[in-house]
Amino acid sequence: MYVINDELKTFIESGVAVVIGTADDEGRPHMAYAWGPRVHEDRVQVSLFIDAARSATPLRDLDANGRIAVTLADPVSYRSVQLKGRAAGHGEPVAGERAWVERHRDAFMASTALVGDAPSTIRNLWMEDVIRVDFEVEQAFNQTPGPGAGVPL
Amino acid sequence: MTGPGVEVPLRDIPTCFEGIIPSSICSVGPDGMPNVTFLSVVHLVDDRHVALSRQFFKKTDENTARNPLAQVGMVEPATGRQFYLDLRYDHTETSGPLFERMRTRLDAVAAYEGMTNVFHLKGVDVCEVLHCEMAPCDFPEGEAPRVVGLEKVEAFSAKVAAAEDLDELLRVALEGCEELLGCRHAFVMLVDETGQQLYTVASTGYASSGTGSEVWVGEGLVGLAAERRQSIRVTNMARDLMYAHAARGASAEGRDGPVIPLPGLPAVQSQLVIPMLAHRKLAGVLALQSETAGAFQAADECLASITASQVAMAMASLGSPEPVVAPEADSEVHPVQVKYYADDESVFLDNEYLIRGIAGGVLWRLLRSYQEEQRVEFSNRELRLDSTLALPDIKDNLEARLILLRKRLEERCDYLRIEKTARGRFRLVVTRPLTLVAADGAAVL
């Protein structure tokens with residue numbers, strides 16, 4: 001169990017790029033982009049949202065073994081953190097969560113505009129329907145490019 | 001919206017491999033735990049293989065050593081379409097053309113900011129692509145491929161062949177950048193007689209031409225391309241620099257700027273630097289810039305390389321031309337002090353730096369003839385034969401220096417210029433009185 005402090009919570013919930021990794025029981029890896037990461041009050045559980053139309057494989061992996069890795073990276077500073085843990089469940093977003101996802105997507109786009117991404121990229125980056133994935137963080141690692149990458153937080 | 005699972009040929013998504021938008025990679029540890037991280041560039045090797053740089057990915061490396069499977073996620077810059085590539089690690093290369101190309105690409109960004117040892121490329125992992133598919137999306141149409149008609153290449157080639165002298169050749173080269181590649185910001189640097197420095201001889205599309213600016217071979221993006229004789233293509237400068245800064249853990253140290261700044265765009269995002277080679281010798285570099293990320297793609301690099309080679313070959317085959325010059329003088333205006341430092345052959349006009357090196361030596365020689373003998377007409381031949389100038393035996397060197405000198409004079413003053421009068425002949429035009437001062441000595445005249 002890893003307890004997320006205030007500073008890391010702020011980072012996780014900022015305009016970061018989010019990618020999740022899962023694996024099936026044959027050791028085949030799968031990744032997907034995710035949106036709206038949110039740290040729960042217990043500071044151990046995190047929710048994020050993946051595009052429903054792109055969720056079949058990751059959800060199948062999570063149902064099979066629950067193992068999940070999530071890397072969050074600031075598009076401007078490249079500060080990156082990887083969280084690893086166990087899925088606690090998934091489901092439709094509840095009240096307020098779509099707005100939370102929108103807020104994150106807006107912040108993300110504001111950051112990527114700073115590094116020159118074409119606005120036309122947006123139209124396919126995400127889709128309207130999302131699925132919420134909850135997981136418990138067990139470990140956290142520095143993932144910022146450089147010699148310190150991979151060091152546990 | 002499309003359904004999942006359709007195989008996409010790698011050649012259909014070339015812009016995903018440009019490093020404009022970071023990709024991500026997922027591997028699996030022996031305990032079954034996934035590991036996911038972003039990576040800056042995935043290189044396309046061929047229809048069935050990609051290469052990943054081995055830099056900071058300790059866990060990814062450990063994982064793929066035990067389980068060779070990985071999945072890479074890529075985003076197409078213009079459309080946002082996402083692609084998943086299922087990979088199987090094949091082998092690692094620590095030398096050879098692929099390794100060198102990737103190493104130069106990494107070093108280039110660090111070099112741009114004067115940083116060194118930011119990235120140590122340990123190796124390049126070549127992976128077989130088992131499957132590539134597009135993620136479901138709302139707008140599945142791809143971008144239209146950029147095509148340059150062969151007739152444009154032919155027209156460019158004809159102009160190169162028809163160029164009568166270096167001046168025209170350089171103009172054709174820069175126009176070619178716009179006609180073939182749609183690039184309006186470009187410059188040509190030639191290597192000097194020592195082979196250790198490059199100097200800007202022609203440019204287009206910059207607020208300040210940068211003519212006469214110099215860079216050491218090996219220094220910066222341009223110098224690195226020259227040193228390694230390898231083209232360098234940067235597709236997202238802002239992102240690359242931030243990546244470099246993050247990796248280095250601090251901002252870049254300052255560096256000494258050249259006396260004349262290189263031509264440059266204030267918000268450059270894409271750069272393409274191509275070494276100009278002829279008969280295996282480095283003649284110079286052709287540099288293209290854009291303020292748009294991803295402006296230069298792999299196909300543009302091929303086209304620019306053809307352009308650079310053609311121009312370099314044409315330069316090498318230009319006959320020893322007989323150039324240029326001449327003129328009159330003037331009046332009761334306040335004389336301009338022309339100061340010359342013999343140690344580096346630099347020339348200052350009223351204490352403002354003008355030029356140095358061979359071009360500086362040539363100017364000093366012309367001005368002395370003008371003051372002492374009232375001569376205004378000169379020929380390239382006499383300069384070549386002038387032992388005091390110590391011109392190296394490179395036939396195109398003098399002409400390039402005269403072009404450089406002419407452009408610098410045009411930019412820096414309105415009372416001194418060089419006009420071409422015939423092939424290999426030129427005239428010195430002086431419209432204000434001059435006082436020549438040698439080094440820290442007294443006035444010469």
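**Ground rules.** The model is predicted, so I keep local features only at pLDDT of at least 70 and side-chain atom pairs only at pLDDT 80 or more, while totals for chains, interfaces and linings use all residues. Residues are numbered from 1 along each chain as its sequence is written, chains are lettered from A and ligands numbered from 1 in the order written, and side-chain values use heavy atoms, with hydrogens and water left out.

**Chain B overall.** I looked up the secondary structure and found ten helices and 21 strands in chain B; helices are DSSP runs (H or I, at least four residues), as are strands (E, at least two), numbered from the N terminus. Of the 445 residues in chain B, 57% are buried (buried is under 20% relative accessible area, exposed over 50%, partly exposed in between, with a 1.4 Å probe and protein chains only). I also checked contacts (heavy atoms within 4.5 Å): of those in chain B with a separation of 6 or more, 69% join residues 24 or more positions apart. Chain B exposes about 18500 Å², with 50% of it from carbon and sulfur atoms; the areas are Shrake-Rupley values with a 1.4 Å probe.

**Salt bridges.** My rule is a side-chain nitrogen of Lys or Arg within 4 Å of a carboxyl oxygen of Asp or Glu.

A:Asp51 sits in strand E3 and A:Arg105 in helix H3 of chain A, 54 residues apart. A:Asp51 is buried at 2% relative accessible area, and A:Arg105 is buried at 1%.

Next I took B:Arg412 and B:Glu352, a salt bridge at 3.2 Å, N to O. B:Arg412 is in helix H10 and B:Glu352 in strand E17 of chain B, so the pair ties together parts 60 residues apart in sequence. B:Arg412 is partly exposed at 41%, and B:Glu352 is partly exposed at 47%.

Then came B:Glu382 and B:Arg365, at 3.1 Å, N to O. They link helix H9 to helix H8 of chain B, 17 residues apart. Both B:Glu382 and B:Arg365 are buried.

I also noted a network in which salt bridges with shared partners join A:Arg38, A:Glu97, A:Arg132 and A:Asp134.

**Surface patch.** A:Glu92, A:Glu128, A:Asp129 and B:Asp138 form a negative patch (residues with over 30% relative accessible area and no salt bridge, like charges joined within 9 Å, nonpolar side chains within 5 Å). A:Glu128 lies in the loop between helix H4 and strand E6 of chain A, and counts as exposed at 58%.

Definitions and conventions: Lys, Arg positive; Asp, Glu negative; His and termini not counted. Charge placed at Lys NZ, Arg CZ, Asp CG, Glu CD.
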